[in-house]
Amino acid sequence: MTISPDSIVYWQWGGFTLNATIVFTWLVMALLTLGSWLVTRRLSEGPELSRWQNLLEVLVVGIRDQIAQVSHQQPGPYLPFVGTLFLFIAVANLLNVIPGYMAPTGSLSTTTALAICVFVAVPVFGIASKGAGQYLQHYIKPTPLMLPFNVIGEISRTVALAVRLYGNIMSGTVIVAILLSLTPYFFPVVMQLLGLLTGMIQAYIFAILAMVYIASATSVQERDEPDEQQQTPRSEH
Amino acid sequence: MEIDWITVSAQVVNFLILVWLLKRFLYQPVIRAMDRREQKIRNRMDEANSREQEAINEKQSYQQKLASFEQEREDLLEETRQEARQTRSQMLDQAREETARVRSHWMREVSEEKTAFIDGLRHQSLDVVETVIRKALQDLADERLEERIAHTFVRQLHALDDTTRETMGRSAEPATIATSFELDPAQRSTLTRAVHELVGAELTVNYTRAPELICGIELTCESQRISWNLSDYLEELTASIEKAFEPLETTGPGA
């Protein structure tokens, strides 16, 4: 039984192996990009909307509202990063219902890569928002004694991000695989549905946690006026 | 639980590419479209608001115009009413004046007519009375009556006052005795004698006929006149008749 799509290698050249994780990641990327492009190349600016445009607008507005709600900041700068995290993980998980597909999020490599992205994005956004000096100061708060704990916390939460997503998706796949051998026909389908739910929830959790981490790094001085920002979350892009 | 670090780095790159792709193809176009739509809606709302404001202004201006029209109409009506009242009173006054004028004119005519009628009546009655009396006296006139007349005339000469008598006596002109009837010579000498005795001895006396003196006799000398005849009586009668008609003239129909 294959646990990780990493181990399915389609093509190898030198040190680079083209495994199922990368291939299915590309598939998801292609799907998202193509779908977006098909819809957004003919965008309506009037009151009449195509259904697909409506769907995309609902998605984008929903993500923006979530970001604004969590961060109490303007969602504009964070939308591409956090929104892509959510969309990528959600689509990657949803496609699990297709036979033969293996979610790239079931690979620890993918989740680690995403967690690393978050790990890097947090200081990047923090420094961009507050400046390097002020950002780095928060590692020695409330006292310099806390520095190691802050660093450990930073790393451990990144690891937790990666492992949580990986564990959930991988376990879903594994459970379905095991159940298929024990009670075929009906029960695995229920578990598959449960897996869809789990996949959506994990996508949401991952994106929200990433946003929380970023917000905690950026919003110290902006916490004073959350209400005002919450009232106008869509006025910036 | 193995991590393939090559795959990890590939996935990081993949993810960053996906971020860029979605930003390029999803977030930016969708947000731009939504913003433009919102802008359009806002513009339309602004336009609608401005139009509404315009409409309200227009409405207010029309209401003001209407009110001023109403006011003007009311003023005009009031003016017209005033004029009508004025004209009415003027016309009434004119009518009153006209009536009064017509009335006074009529009254004058009536009174003139009445006067004329009364005059006519008087003259006619006088004429009748005179004619009747003349006729009666002419019928009655005979020698005896003429004698009585001469006798009465002599009595009058007796009753003359001294001034008249002297004035007539000094006259160089002859005295003229006019009668309505023919005097016989005896009567003439009686009269001449009476004149000589009572008025002046040197007076020459001529005799003439004067039928207009009804049954009368008249002595004229030096613008003095002594007479007895029925004309005097008739004149007195006329005077008394006119006196009798006077109250009728003064009391008009309007009185």
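Student: Leaving aside its neighbours within four places in sequence, which residues is A:Leu85 in contact with?

Tutor: This is a predicted model, and two residues are taken to be in contact if their C-beta atoms lie within 7 Å. Once the neighbours within four places in sequence are set aside, the partners of A:Leu85 are A:Leu114, A:Phe206, A:Ala207 and A:Ala210.

Student: Which residues touch the most other members of the largest nonpolar core?

Tutor: This core holds 62 residues, and the elements that give two or more residues to it include helix 3 (79–94) and helix 7 (187–218) of chain A, as well as helix 1 (5–140) of chain B. The members that touch the most others are A:Val82 and A:Leu85.

Student: Which helix gives the largest share of this core?

Tutor: Among the contributors of two or more residues are helix 1 (20–40), helix 2 (51–71) and helix 4 (108–130) of chain A. The largest share, however, amounts to 12 residues, and its source is helix 1 of chain B.

Student: How many residues of chain A are in contact with chain B?

Tutor: On the side of chain B, 29 residues take part, and by class these are 19 nonpolar, three polar and seven charged residues. On the side of chain A, the number of residues in contact is 38.

Student: How many residues lie in the second, separate core?

Tutor: Among the members of this second core are B:Ile177, B:Ala178, B:Val195 and B:Leu213. Its total number of residues is 17.

Student: Why does the distance between the end C-alpha atoms of helix 1 of chain A agree with its number of residues?

Tutor: Helix 1 of chain A has 21 residues, and at 1.5 Å a residue it should therefore span 30 Å. The expected span is counted as 1.5 Å times one less than the number of residues. The end C-alpha atoms are found to agree with this, because their distance is 29 Å.

Student: What separates strand 1 of chain A from strand 2 of chain A in their hairpin, and which residue in the turn has a positive phi?

Tutor: Strand 1 (residues 9–13) and strand 2 (residues 16–19) of chain A pair in the antiparallel sense over four bridges, with A:Val9 standing opposite A:Asn19 in strand 2. Two residues lie between the strands of this hairpin, and the one in the turn with a positive phi, of about 65 degrees, is A:Gly14.

Student: Which strands are the edge strands of the open sheet in chain B?

Tutor: This open sheet has four strands in the order 2-1-3-4, with mixed pairing, and neighbouring strands are turned by 20 degrees against each other on average, direction ignored. An edge strand pairs on one side only, and in this sheet the edge strands of chain B are strand 2 (205–209) and strand 4 (224–228).

Student: Which residue in strand 4 of chain B does B:Glu218 stand opposite?

Tutor: Strand 3 (residues 217–221) of chain B is joined to strand 4 of chain B by five bridges, and the two strands run antiparallel. In strand 4, the residue opposite B:Glu218 is B:Ser227.

Student: What percentage of the residues of chain B count as buried?

Tutor: A residue is buried if 20 or more other C-beta atoms lie within 10 Å of its own. In chain A, with eight helices and two strands, buried residues make up 36% of the 237 residues. In chain B, with five helices and four strands, the share of the 255 residues that count as buried is 17%.

Key
Residues are numbered from 1 along each chain as its sequence is written. Chains are lettered from A and ligands numbered from 1 in the order in which they are written. This is a predicted model: local features need pLDDT of at least 70, side-chain atom pairs count only at pLDDT 80 or more; totals for chains, interfaces and linings use all residues. A nonpolar core is a set of buried Ala, Val, Leu, Ile, Met, Phe, Trp, Tyr and Cys residues joined through C-beta atoms within 7 Å. A residue is buried if 20 or more other C-beta atoms lie within 10 Å of its own, exposed if 12 or fewer, and partly exposed in between; C-beta atoms are placed from the backbone. Two strands pair if DSSP finds at least two bridges between them. Axes are lines fitted to C-alpha atoms, for helices over the stretch in contact, and angles run from 0 to 180 degrees between N-to-C directions. Ala, Val, Leu, Ile, Met, Phe, Trp, Tyr, Cys and Pro count as nonpolar, Asp, Glu, Lys and Arg as charged, and the others, Gly among them, as polar.
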